[in-house]
Amino acid sequence: MKRWLPSPWLSLGIFFGWLLLNNSLSPGQMLLGLAVAIVIPLLMAPLRPTPGPLRHWRKLTILILRVGRDVLRSAFDVACGVARTGTRPPRGAFVVVPLELRDTHALAALAMITTVVPGTVWSELAPDRSALMLHVFDLDDEAAFIAHFKNDYERPLKEIFE
Amino acid sequence: MMPPLGELVVAALLLGSGIVVLLAATGLWRLRDFFSRMHAPALASTLAAWIVTLASIVHFSTRSGGLSLHVWLIIIVLSITAPITTIVLARAALFRRRQAGDELPAPLGDGC
């Protein structure tokens, strides 16, 4: 089992990704998808330094939904901010967030979240991963932003990946 | 043949997405500094892309009958790959502006 399926979740993802890509549930595509799902992780295994443990599926789903909601909210804020630049320029600022997250997979996920949310841009990660610098589009309250970031993104990621 | 209601929904979604992209473009033009400008195109690659994807799903699903979800892969791949270019751009801008001596937060840790 371990030998032929080194990362079962990756295989599952590739299998469904394949079916989605071909937009079909025919037996032929399923067979092809199965082959791809077995071969790709075997080829990828030497490239992955550490296997990423994934736990708490419920928390992962909640996190994805929350990020989706935050993206919509933040996109709306940025759109309003852009429309009102003339009268009230956005208060763009750099924020340094102390990080407790160390796992590379979790940090990659955090980078995805900060980039996908339009209001934040990942700017710098301390070499020892102890702090993260973000650029925020319209910063109202720095402490509140840091608390939101740590509670809503960092804590669930820590629980999921570490 | 598509039902007229479906066509209406698709047209409204595409129009909405167009408005969002237009706002993103004006943001690029009107915002003052580089880092603020980085936020505007993110609108196009998230919200606008999501709305177009939704329009595409509605269009192909109502036309062919079955649920047609494959365009959904676009936003997944977009979300996975966008951080690469965004982070490289932000890092390059920080590096250049620090070299130029602009007023920016000090590098975290031992200057990396």
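Modeller: In chain B, 56% of the contacts with a separation of 6 or more join residues 24 or more positions apart. Two residues are in contact if their C-beta atoms, placed from the backbone, lie within 7 Å. This is a predicted model, in which local features need pLDDT of at least 70 and side-chain atom pairs count only at pLDDT 80 or more, while totals for chains, interfaces and linings use all residues. Residues are numbered from 1 along each chain as its sequence is written, and chains are lettered from A and ligands numbered from 1 in the order in which they are written.

Colleague: How many helices and strands does the secondary structure of chain B have?

Modeller: Helices (H or I, at least four residues) and strands (E, at least two) are DSSP runs, numbered from the N terminus. Chain B has four helices and zero strands. Its radius of gyration, taken over C-alpha atoms, is 19 Å, well over the 13 Å that the globule rule (2.2 Å times the number of residues to the power 0.38) gives for 112 residues, so chain B is more spread out than a compact globule.

Colleague: How many residues does the contact take from chain B and from chain A?

Modeller: Chain B gives 35 residues and chain A gives 34. On the side of chain B that touches chain A, α4(B) supplies the largest share, 10 residues.

Colleague: At what angle do α4 of chain A and α4(B) pack?

Modeller: In general, two packed helices are described by the angle between their axes and the distance between the axes. Axes are lines fitted to C-alpha atoms, for helices over the stretch in contact, and angles run from 0 to 180 degrees between N-to-C directions. Here, α4(A), residues 104–116, and α4(B) pack at about 80 degrees, with axes 8 Å apart. The two helices are therefore roughly perpendicular (65 to 115 degrees). Among the residues making this contact are Met112(A) of α4(A) and Ile80(B) of α4(B).

Colleague: In what order do the three strands of the open sheet in chain A stand?

Modeller: Two strands pair if DSSP finds at least two bridges between them. The order in chain A is β1-β3-β2, with antiparallel pairing. The edge strands, each pairing on one side only, are β1 (93–98) and β2 (120–125). From one strand to the next, the twist averages 30 degrees. Six bridges join β1(A) to β3(A), residues 131–136, in the antiparallel sense. Phe94(A) has His135(A) of β3(A) as its bridge partner.

Note on methods. Angles under 35 degrees count as roughly parallel, over 145 as roughly antiparallel, 65 to 115 as roughly perpendicular and the rest as oblique.
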